[in-house]
Amino acid sequence: MAGQTDPHISLFSPQEVEFMAEDEMVEIVPNMNMDPLNFIAGDYGRFVPQIPTQVPLWLAVALKRRGKCTFRPPAWLSVDNLTQVLEAEREPQSKFQPLPSGYIEIARLLFDHARDDIPDMYMVKSLVEDIRDVRLHKLETNLGTFGADTTAVKMNNVSAMEVNLVRPFVIRALEAFYRHDKPERDADRDARSSSSSRQPPREANNEPRRPLRQR
Amino acid sequence: MASNSEMGSADFESLLSTSDVELLKRAWRNEKAAPEILPYQGDLVERAKGQIELVEGNIEDYVEDGIDPLVVSLYQMDLDRTQFLLRSYLRVRLLKIEKFMFHILKSEEAESRLSEQEKAFARRCAADLTKHFEESVLLKLPENYQTVQKQSLISDEDDMVPEPNLDTFVVCRSKNSLKLNLYEEGETPVILDLDRGEPSFVRYRAVKRAFESGEVELI
């Protein structure tokens with residue numbers, strides 16, 4: 001449901017992340033004739049057999065499921081490119097390699113619905129999974145380096161799904177560090193000005209807290 | 001009624017040609033990510049509602065006319081997606097209002113961020129909750145402890161009112177290279193360099209002003 005059962009408003013569910021990724025454009029080759037579609041989201045088409053067009057991923061999957069088109073796999077989803085990316089990711093101390101922000105979602109949807117459109121599908125699939133593992137491992141080790149001096153965490157080239165995965169932990173960890181640092185900084189401020197420090201306002205997250213009303 | 005048809009690029013949507021759906025998606029994302037309630041995008045919601053109603057009417061016509069069910073189902077999918085965005089946006093706001101209702105009603109500024117219906121909702125909700133607390137608990141407590149908003153009449157401030165936690169961390173991305181001053185006034189400033197398009201976790205209070213002026217977006 002749209003945010004109703006979620007006590008933590010600011011967290012996106014994986015389905016919501018996938019929803020956002022579904023708006024990315026992909027190339028398809030239709031095998032039928034169809035008039036242009038005037039959606040609220042935009043205008044797509046017209047669809048002519050054998051002429052490639054760009055459509056959003058959700059539309060492409062819908063058409064593919066009804067057998068109306070084939071996919072042109074995106075350039076980054078090739079054995080060569082992925083092998084390169086995997087090699088680079090495996091280098092010790094390397095940063096995250098540039099990959100489309102929705103690569104996990106796009107790859108999964110294509111594997112599920114368009115296996116025959118991807119050359120060397122099994123190879124590509126195992127490469128993507130390996131890449132995911134390596135990146136996840138890198139994320140975990142990175143998280144272990146948080147300290148009291150961590151004021152911000154950069155997530156360059158980290159995909160949307162991966163960011164969402166670590167989001168709850170990172171937020172809580174950074175909040176805890178910040179809060180424990182605060183008494184020191186308040187003490188500093190007191191020393192400089194003579195006004196008494198305000199009590200921090202009550203937060204609304206008193207976990208675990210059962211909602212009063214059953215939803 | 002011409003709707004902007006071009007969708008922005010995956011990384012950085014340009015403001016010039018953004019469809020309403022794109023704007024709604026951004027509003028939804030921002031609202032979900034921010035700890036406090038953001039100004040109500042009244043125009044956007046009205047336009048989206050109008051477009052949704054239009055398409056709903058169209059779909060009924062298509063079904064009657066016997067147009068290819070495939071096409072009808074595609075229009076239906078697009079409609080569903082847009083409806084989801086709109087509903088989720090409104091629901092997230094309602095959740096925030098419920099959480100922070102006393103705080104919002106106390107401050108003019110926060111109250112101005114709500115739509116008319118939301119204000120009515122907030123007032124009714126607060127009134128109901130107050131009444132519930134009074135009847136079930138507060139009137140049975142000793143004299144000094146009977147208000148909803150303070151722990152006791154001795155407290156200086158309304159410390160029973162939950163406030164949004166502006167010191168929480170959010171993931172943000174900036175449109176251009178940006179330098180952020182990370183600590184509050186009067187302390188040693190720590191400057192954070194944000195490159196274009198690089199997501200990072202930052203304290204919300206530090207990015208609040210940049211976010212409100214549109215230089216930074218929350219994801």
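These notebook entries record what I looked up in the predicted model shown above.

**Conventions.** I worked from a predicted model in which local features need pLDDT of at least 70 and side-chain atom pairs count only at pLDDT 80 or more, while totals for chains, interfaces and linings use all residues. Residues are numbered from 1 along each chain as its sequence is written, chains are lettered from A and ligands numbered from 1 in the order in which they are written, and side-chain values use heavy atoms, with hydrogens and water left out.

**Entry 1: salt bridges between the chains.** I took a salt bridge as a side-chain nitrogen of Lys or Arg within 4 Å of a carboxyl oxygen of Asp or Glu. Over all chains, I found 27 salt bridges in the structure. I then looked up Glu22(A), which forms a salt bridge with Arg81(B), with the closest N and O atoms 2.6 Å apart. Glu22(A) lies in the loop between helix H1 (14-21) and strand S1 (25-30) of chain A and Arg81(B) in helix H3 (residues 69-99) of chain B, so this pair joins two chains. Helices (H or I, at least four residues) and strands (E, at least two) are DSSP runs, numbered from the N terminus. For burial I used relative accessible area with a 1.4 Å probe and protein chains only: buried is under 20%, exposed is over 50%, and partly exposed is in between. Glu22(A) is buried at 17%, and Arg81(B) is buried at 11%.

I next noted that the side chains of Asp23(A) and Lys25(B) meet in a salt bridge of 3.0 Å, N to O. This pair also crosses between chains, from the loop between H1 and S1 of chain A to helix H1 (residues 20-33) of chain B. Both Asp23(A) and Lys25(B) are buried.

**Entry 2: helix H1 of chain B.** I checked the span of H1(B): its 14 residues reach 20 Å from the first C-alpha to the last, close to the 20 Å expected at 1.5 Å a residue. The expected span is 1.5 Å times one less than the number of residues. Of the 14 residues, 13 are buried, so H1(B) is largely enclosed by the rest of the structure.

**Entry 3: salt bridges within a chain.** Glu175(A) forms a salt bridge with Arg179(A), with the closest N and O atoms 3.6 Å apart. Both residues lie in helix H6 (residues 160-192) of chain A, four residues apart, about one turn of the helix. An α-helix has 3.6 residues a turn, so residues three or four places apart point the same way. Glu175(A) is buried at 11% relative accessibility, whereas Arg179(A) is partly exposed at 43%.

**Entry 4: a nonpolar surface patch.** Patches are made of residues with over 30% relative accessible area and no salt bridge; like charges are joined within 9 Å, and nonpolar side chains (Val, Leu, Ile, Met, Phe, Trp, Tyr) within 5 Å. Val137(B), Leu141(B) and Tyr145(B) form a nonpolar patch with about 240 Å² of accessible area together; accessible areas come from the Shrake-Rupley method with a 1.4 Å probe, and for residues only the protein chains shown count as cover. I located Val137(B) in the loop between helix H6 (116-136) and strand S1 (169-174) of chain B. Val137(B) is partly exposed, at 42% relative accessibility.

**Entry 5: a separation in chain B.** I looked up Ala206(B), which lies in helix H7 (residues 204-212) of chain B and is buried at 15%. Ala206(B) and Leu138(B) are 68 residues apart in sequence and 38 Å apart in space, C-alpha to C-alpha.
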